[in-house]
Amino acid sequence: MRLVLLDASDTFARMGSTMNRLIVALIIGSVIPASAQIAWPPANATAFKDTSILKPPSGAKVAIIEFEDLECPLCAQLSPLVRDAMSRYHIPRVHHDFIIQSHVWSRTAAVYARYLEDKVAPQVAEDFRRDVFANQRAIASRDDLQQFTRKWFQSHGQQMPFVIDPSGRCAAEVEADCTLGVRLGVVHTPTIIVVTAHQWIEVTEPNQLYAAIDRAESEASTSPLHARSAVRR
C-alpha cells in the first residue's frame, strides 16, 4: 500500500478553509497514558501507532516534539509560536524532519540544516531553519535554495562546501527522522506533540499550544497512578 503524505496546508484546503484560518482554531489532541488511548480526542487527531517514542529528553519533565518540513507553509507560520512557547515555559523541543514527497526542495534544505547541526552547532542549524521559513516564499526551486544558502553561509561567517554531504551521512539522518515519523503514524506537517514521561497531547490547533503545556506540566507534577485514575473518573 502506498502511503500518501500531505502537508497541513493541503489538508485544510480540502476542508474548504481559507489561508487566514490556518493560523486560528480549535482543539487539542488526545491525552495518552503509558498504555491505552483515553480521553477527548478531536476529530482531526492523528491516528498514532507506536507512541513509545513520545517521551521528553532525559532531565525534562515536559517537552515539545515537532515533525516539520522546511517547505511547508503552515510550519513556517507556526514556527514563531513554538519558539515562543519554548522560551516562555523553559521547555525543550525535539525536532524531527518529515519530508512531504511532493515538495521540491525541502529534503535538500533539511540536509543543509543537518550539515550545520553536525559540523557547526545545533543553534546555528536552528537559525538556518528559521531563516528558511522566513524566506520560504522566495524559494521556488533547488537553485533558489542553493543561492539562498550560499548567501546565508557567507553572512554568517561559514564556508559552504562545494559538496555539502559527500558521505551521505546528513541525508541518512534526515531519512531516519522520516522513518521514525512513519513508524509513529505522522501523515502531515507540522505535527506538534506535548509530552511528559507518562502521557502525550497532540496539539491540532495553534491557539491550544499553551493550554496543552499547562495541562502537561500539571499532570507531570502528579504520580502516574494518580493521573491515570483521575482521567478514568
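A residue counts as buried when its relative accessible area is under 20%. In this predicted model, Glu 66 has a relative accessibility of 0%, so Glu 66 is buried. Arg 93, at 13% relative accessibility, also counts as buried.

Glu 66 forms salt bridges with two arginines. With Arg 93, the closest N and O atoms are 2.8 Å apart. With Arg 83, the closest N and O atoms of the pair are 4.0 Å apart. Here the link runs between strand S2 (residues 63–68), which holds Glu 66, and helix H2, which holds Arg 83; the two residues are 17 apart in the chain.

## Salt bridges elsewhere

Side chains of opposite charge can pair when their charged atoms come close. The whole structure contains 18 salt bridges. One of them joins Glu 175 to Arg 107, with 2.9 Å between the closest N and O atoms. Glu 175 sits in helix H6 (residues 169–184) and Arg 107 in helix H3 (residues 106–119), so the bridge connects parts that are 68 residues apart in sequence. Glu 175 is partly exposed, with a relative accessible area of 37%, and Arg 107 is partly exposed at 32%.

Shared partners also join salt bridges into one network, made up of Glu 66, Glu 68, Arg 83, Arg 93, Glu 117, Glu 126, Arg 129 and Arg 130.

## Helices H2 and H4

Two packed helices are described by the angle between their axes and the distance between the axes. For helix H2 (residues 73–89) and helix H4 (residues 122–134), the axes come within 9 Å and cross at roughly 135°. That angle makes H2 oblique to H4. The crossing of H2 past H4 is left-handed.

On the H2 side, the contact involves Cys 75, Ala 76, Ser 79 and Arg 83, which meet Glu 126, Arg 130 and Phe 133 of H4. By type, the residues of this contact divide into 3 nonpolar, 1 polar and 3 charged. Arg 83, Glu 126 and Arg 130 are also among the members of the salt-bridge network.

## Helices H3 and H6

The axes of H3 and H6 come within 8 Å and cross at roughly 115°. The two helices are therefore roughly perpendicular to each other. H3 passes H6 in a right-handed crossing.

From H3, the contact takes in Arg 107, Ala 110, Val 111, Arg 114, Tyr 115 and Asp 118, while H6 contributes Arg 169, Cys 170, Ala 171, Glu 173, Val 174, Glu 175 and Asp 177. These residues divide into 6 nonpolar, no polar and 7 charged. Arg 107 and Glu 175, both part of this contact, are the two residues that pair in a salt bridge.

## Backbone features in two loops

Thr 189 and Pro 190 are joined by a cis peptide bond, with omega at about -10°. Pro 190 is in the loop between H6 and strand S4 (191–195).

His 90 is not a glycine, yet its phi is positive, at about 55°. His 90 is located in the loop between H2 and S3. With a relative accessibility of 72%, His 90 counts as exposed.

Technical notes:
Residues are numbered from 1 along each chain as its sequence is written. This is a predicted model: local features need pLDDT of at least 70, side-chain atom pairs count only at pLDDT 80 or more; totals for chains, interfaces and linings use all residues. Side-chain values use heavy atoms; hydrogens and water are left out. Axes are lines fitted to C-alpha atoms, for helices over the stretch in contact, and angles run from 0 to 180 degrees between N-to-C directions. Helices (H or I, at least four residues) and strands (E, at least two) are DSSP runs, numbered from the N terminus. Angles under 35 degrees count as roughly parallel, over 145 as roughly antiparallel, 65 to 115 as roughly perpendicular and the rest as oblique. A crossing is left-handed if the near helix is turned anticlockwise from the far one by less than a right angle, and right-handed if clockwise. Contact means heavy atoms within 4.5 Å. Ala, Val, Leu, Ile, Met, Phe, Trp, Tyr, Cys and Pro count as nonpolar, Asp, Glu, Lys and Arg as charged, and the others, Gly among them, as polar. A salt bridge is a side-chain nitrogen of Lys or Arg within 4 Å of a carboxyl oxygen of Asp or Glu. Buried means under 20% relative accessible area, exposed over 50%, partly exposed in between (1.4 Å probe, protein chains only).
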